[in-house]
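Hi there,

Here is the structure I promised to pass on. Have a look at it first, and then read my notes below.

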Amino acid sequence: MMNLVGSPGAAASARSRGALNAPRGDGTPWCRRGNLAVSRKRNPASVGHHSIFSAVFLALIFIACFFTSSASAFQLPFFNNPSLGTNSTMSAQKYSLPPLPYAYDALEPAISAQIMELHHSKHHQTYITNLNAALSSLAAASAAADIPTQIALQQALRFHGGGHINHALFWENLTPPTSPEAKLDDAVAPQLRKKIVETWGSEAKFKEAFAKALLGIQGSGWGWLVKFEGEGGRLGIVTTKDQDPIVGPGEVPIFGVDMWEHAYYLQYFNGKAAYVENIWTVINWKTAEERFLGTRSDAFKVLKASI
């Protein structure tokens with residue numbers, strides 16, 4: 001599930017989606033608009049369909065990266081080759097844990113070496129291990145034309161695949177606090193900084209809005225700065241539940257913050273606000289600038305590198 005916390009321009013964008021603004025049967029609007037945010041509300045009857053669609057979309061991303069083929073991305077060899085029968089097999093490549101671009105203690109004092117080592121070598125590795133198992137099962141089910149099993153695997157693909165996507169992006173959008181890349185200025189991220197100020201009015205107001213979104217997450221989840229390619233490159237703050245990734249068409253994740261307890265609890269205990277305050281000292285604004293100027297495919301190139 002994704003919540004668009006958004007930007008000041010999000011309300012105007014939402015108003016252009018006619019059907020979303022029509023009142024429901026109880027008279028309340030589909031999109032409730034405030035001064036600075038739009039919160040997407042879904043018809044409960046449609047949530048299951050949306051979740052299945054999102055899971056299938058996510059599975060296609062991984063299949064395009066994983067399955068050995070000379071075809072281009074999203075041209076799946078099994079489904080496009082009529083010579084393959086139901087007894088044919090698909091060879092699923094395996095993801096591996098991507099190395100960190102810095103030492104485990106490099107983000108101190110914002111994030112301790114103990115947390116980084118456990119988070120990277122244990123938690124992220126577990127998502128990858130379970131993702132590889134799900135992809136292997138999906139390959140076998142696809143080769144056998146076993147549609148019920150393919151459908152049953154979607155939740156595992158969504159959760160563990162999302163866990164790999166989120167963490168692979170997360171590690172790269174962090175940097176040691178002493179690095180020049182940890183400063184949001186015109187030397188490191190001129191275009192992104194300009195867009196942030198245009199959208200929120202100032203860096204301080206942007207960070208305040210982002211922190212509010214992070215601290216508003218109930219349970220486990222993520223907070224992301226996202227570029228919407230189909231809306232003129234508009235920026236928005238998006239929160240997601242559990243390991244749901246930012247994989248919608250035209251959505252480019254600029255940087256994310258992990259709000260699962262394993263990301264901070266050993267150091268901050270229940271002090272989430274302190275974790276959120278300190279995370280700003282280790283955001284890699286150079287990487288954020290590159291993602292802002294690039295495409296969705298550019299942001300996800302780290303996934304192909306981990307095959």
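Let's start with His167, which you'll find in helix 7, the stretch from residue 154 to 172. Keep in mind that this is a predicted model. Is His167 buried or exposed? His167 counts as buried because its relative accessibility is 0%, and the cut-off for buried is under 20%.

Who sits around it? Leaving aside residues up to four places away in sequence, His167 touches His119, His124, Tyr127, Trp222, Gln243, Asp258 and His262. Take Gln243 from that list: it is 76 residues from His167 in sequence, yet the two C-alpha atoms are 9.4 Å apart in space.

Next, the salt bridges. How many does a search of the whole structure find? It finds five. Here are some to click on:

- Arg158 and Asp244 meet through their side chains, 3.0 Å from N to O. Arg158 belongs to helix 7, while Asp244 is in the loop between strand 5 (234-241) and strand 6 (251-258), so this pair ties together parts that are 86 residues apart in sequence. Both Arg158 and Asp244 are buried.
- Asp186 and Arg193 also form a salt bridge, at 3.4 Å from N to O. Asp186 is partly exposed, with a relative accessible area of 49%, and Arg193 is partly exposed too, at 26%.
- Glu231 pairs with Arg234, and their closest N and O atoms are 2.9 Å apart. Glu231 is partly exposed at 29% relative accessible area, whereas Arg234 counts as buried at 10%.

There is a network as well: salt bridges that share partners join Asp186, Arg193 and Glu203.

Arg234 has something else to show you. Its charged end sits over the ring of Phe228, 4.4 Å from the ring centre.

Now for the aromatic rings. The search of the whole structure turns up 17 aromatic pairs. One of them is Trp200 with Phe206: the ring centres are 4.9 Å apart and the planes are at 55°, so the pair is tilted. Trp200 is buried, with a relative accessible area of 10%, and Phe206 is buried at 0%.

Tyr264 lies in the loop between strand 6 and helix 10 (265-268), and Tyr275 is in helix 11 (residues 272-279), so the pair ties together parts that are eleven residues apart in sequence. Tyr264 is buried, with 3% relative accessible area, and so is Tyr275, with 1%.

If you go back to Trp200 and Phe206, you'll see that they belong to one aromatic cluster together with Phe210, Phe255, Trp280 and Trp285.

Finally, a word on confidence. The protein chain averages a pLDDT of 80, and 71% of the residues score at least 70. Where should you be careful? Over residues 11-50 the pLDDT stays under 50, and the model has 55 contacts beyond four places in sequence for them. Over residues 66-89 it also stays under 50, with 40 such contacts. Where pLDDT is low, the predicted coordinates should not be read in detail.

Cheers

Definitions and conventions: Residues numbered from 1 in each chain as written. Heavy atoms only, no water. pLDDT = per-residue confidence, 0-100. Contact = heavy atoms within 4.5 Å. Helix = DSSP H or I, 4+ residues; strand = E, 2+ residues; numbered from the N terminus. Buried < 20%, exposed > 50% of the residue type's maximum accessible area, 1.4 Å probe, protein only. Salt bridge = Lys/Arg side-chain N within 4 Å of Asp/Glu carboxyl O. Phe/Tyr/Trp six-rings, centres within 6.5 Å; stacked < 30°, edge-to-face > 60°. Lys NZ or Arg CZ within 6 Å of the ring centre and 35° of its normal.
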